[in-house]
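This report covers the nonpolar core and the aromatic contacts of one protein model.

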Amino acid sequence: MKKEKTYFSEKYYNIRRTIILAGILVMVLLVVAFCLSMFSAGQMKEIISEDFNRQQLVLAKYAANRMENSLDFIKRELSLLNLSPSIQYLEKVSWASRMNTTLSAVKDNGVLEIRFIDHKGRTAYIVDERGMSHVIQGRFADTDYYKWASLKKNKNRIYAGEITRENEEYTGQLVMCLAIATYEQSVDEAYPVATGNLSGVLFFTIDVTRLVENAVKSIKSGKTGYAWVIDNKGMFLYHPHREFIGEDAFNVRAMRKSKISFSQINMIQKEKMLEGKEGTGRYTSGWHGGIETEMKKLIAYAPIHPRTHSQFFWSVAVVAPLSEVEDAVHSVFIRQFYIQGSIFLAIILGGVYIISFERRWSKTLEAEVMKKTQDLKNSLEELKKSEEQYKTLVESAEDLIFTVDEEGNILSMNRCTANFFRDFPDDLIGKTFRDLFSEESAELQLRIIRKVFNTEKNVNVKYPVEVGNREYWFSSNFAPLKDEEGKVFAVLGISRDITKGKKLEEEQMYNTEKLASLGNLSAGVAHELNNPVALILGFSDILLEKVEPDSKSHEIVKTIERQALNCKRIVESILSYARHPEAIEYSADVNENIEKVISVVKNILVTEKITLEKRLTKDLPKVRGDSGHLQQVFMNFVTNAFSAMKEGGVLTVSTNLNSAGNKVEILFKDTGHGIKREYRNKIFEAFFTTKKVGEGTGLGLSVSYGIINKYNGDISFETVAEEEDMERKGTTFKVSLPVASLDSEHQTDQAQRLAPRI
Amino acid sequence: MAAQILVVDDELDMLALLAMIIGEKTEHKVTTTNNALEVPELIKTGDYNLLISDLKMPGMDGVELIAEIRKIDKHIPILIITAYGSVESAEEVIRKGAYDCITKPFRKEQILISIDRALEWQQMKKELRQLKEKTVKR
């Protein structure tokens, strides 16, 4: 039992350990899956950032291109204007309008004014941004661009001045000038021959910020990304934060947010942008748009190389916060995270539920197993107890109880069997029936056993057996014993030694036969007696006539006659007792016959002080029997009752149909002295009487019994003798007669029709 | 009218009793024998009006005797007296040809009435026969 429990708990713990391991494995896998998704999200962020930056680079290059175009356009316009004779010869009527024409074309590109300095460097002819022309005198020969233009080698080349905020006319604005030396080389109507002499210097003053702004202001990277531009010295030419414009890009950021290290952007500016390279990168910034916080930014940059003027270049950068990309990725990732999380949670919850369910189930199972184990234990104990009881029962049984196989080999037996065969010295187990019984008896029993094996049914049989030259009678029951598959493997025999009973039975039979022959004999004797009785009566009769009527002799003969009549009555009784059943049976109405008997004894009732109570059930079916016979029987019971109630009493006669409806019961109940205990067994015997000699023959009840028996009826009685209980004394005789069948009723009708002829 | 009556019974006392009853109470002449075997011969030779016989006798019983007698005389009435008084036995003997059956023990009046009636019946049968014969002759 303990071992089993250990086995169960071990098994249970094994299952539990497996579940826990599986749970851990699932958790680890889920964490790995989560990490992988995080990693892939990071990777995705990286890829998308790169992709975004590449697009920013495209934007930067586009902006650079636009600015290059813009610059090229301005330079082209400058060169174009420089070829105009109105400028070359400074024609008084047309130079201002010619300049205005060009200015209006390049005004949008940030050109603030167009100025022409004559070759002496004293006079400047100006058209300003408002389109006003005016001429001013000054010492322009000292300016850098004048000196540069005076040089012959710089013919047809464009000079780009420093970008400065220190311009006299445009203070505070970032301005730059583009200059070209003007020679008298074009011809027109007024000047048909070109002199080829230096005429002066033509230059544009350009608002750089406006120039750049025009090209990059519209650039928008992502949602909030923007572009800025620095020149080759690292100065902001354009920035959405206006205060940065004109400031040194390496310092201005730190000035705004000193706590943040701008080394990354500074390095990019220095090593990439100022080197004229294009590319992408990321850096830390402290703001973006209106947001003021430390953040990562993506940057793409491209150089601006005006084709016609290669000595300087600027660099345009397009920047956007990394968060913009990350947010987009993040939202996807968050969604994915939620989905994954939900699945994860569902798996975890499912697992937890399954495990808890399994645990609960295990517990239920365990409880069930415990209960079953306990039940088993109890039932085992009960089984043991019952086995013990059965063993005691079998061992103490008065019958031979044994089991045998098909060959008649004894497999087991009880003490009684051992005692029965105690003359056999050896152990009986393993012996066969042939060893124990005579050949014939063994064969007989083996036949029965084989029958039980074949039919699988009980066999109940009585038979004689011979054991060691002695004959016994056995009443045996052979029952099949089946194994789990329902196959008979042995036969259980229970044999009772009924030898004594059998002998008794034989004796009884002998007695019965003896009685029957005695009956026949008595009938014969009775008939024979009729002869002498007839003679005695006959002669007495004759003699009575011959003697004096009042004489002593007459009296003697009278006595002889009386006793002969007694003899006659006895003989008649014996004959009716011994008479064989008659072939014809009649049916009779019980109540009618009782009424007839009562009408006969009516007078006696009065003289004997006996009260009669009739309780006759109406409409009873007819019974088997002859009315005369029944009257004889009823009369017998009535007269017996009278005899028992010498001092008066109550006689109750009742009739009824029994519960089964197949017999009519007639009860004669008296309140007489009852039947003494010692007489109760003898009352139906012939010639038994308690009456005085001459009052009764002792044949009444036996004759009645014979009659009722003949009709398959029965007589029984209950009695309380006056010695036993004075209050309840009395005897009740019950006669029950079978209800007549239709056939017998039919016979009765026939008999009644035939009756008059006999 | 005195008639000739033959009484047969194996019991001599019974013969004496019957002879005494008939002799004392009637004018009939009684012949008795206790040997049933000689009855047919007696019937042949004598002129008996009535036969009274016991049923159970050694040598020949009443039923056999009736058959034998009927071979000799078809008309003689036979009274059977039997100790085996039962309806069945009475029926049987009457069917076999007996006129009446009286069971023992009997009262002497029973015997006397039965004898009278038997003889009367015998007389009537005889007269009837004679009348029939006369009618045939005519």
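A residue is buried when its relative accessible area is under 20%, exposed when over 50%, and partly exposed in between, using a 1.4 Å probe and protein chains only. At 1% relative accessibility, A:F244 therefore counts as buried, and A:W287, at 2%, is buried as well.

The model is predicted: local features need pLDDT of at least 70, side-chain atom pairs count only at pLDDT 80 or more, and totals for chains, interfaces and linings use all residues. Side-chain values use heavy atoms, without hydrogens and water, residues are numbered from 1 along each chain as its sequence is written, and chains are lettered from A and ligands numbered from 1 in the order written.

Of the 758 residues in chain A, 40% are buried. A nonpolar core joins buried Ala, Val, Leu, Ile, Met, Phe, Trp, Tyr and Cys residues through side-chain atoms within 4.5 Å. The largest has 47 residues, and A:M99, A:V216, A:V229, A:W314 and A:V316 touch the most other members. Another core, of 40 residues, lies apart from it and includes A:L605 and A:M645.

Rings of Phe, Tyr and Trp (its six-membered ring) pair if their centres lie within 6.5 Å; planes under 30 degrees apart are stacked, over 60 edge-to-face, the rest tilted. The count is 24 aromatic pairs over all chains. Two of them are tabulated.

| Pair | Centre to centre | Plane angle | Class |
|---|---|---|---|
| A:W228 and A:F236 | 5.3 Å | 85° | edge-to-face |
| A:F244 and A:W287 | 5.7 Å | 75° | edge-to-face |

The pair A:F244 and A:W287 ties together parts that are 43 residues apart in sequence.

Terms used: Helices (H or I, at least four residues) and strands (E, at least two) are DSSP runs, numbered from the N terminus.
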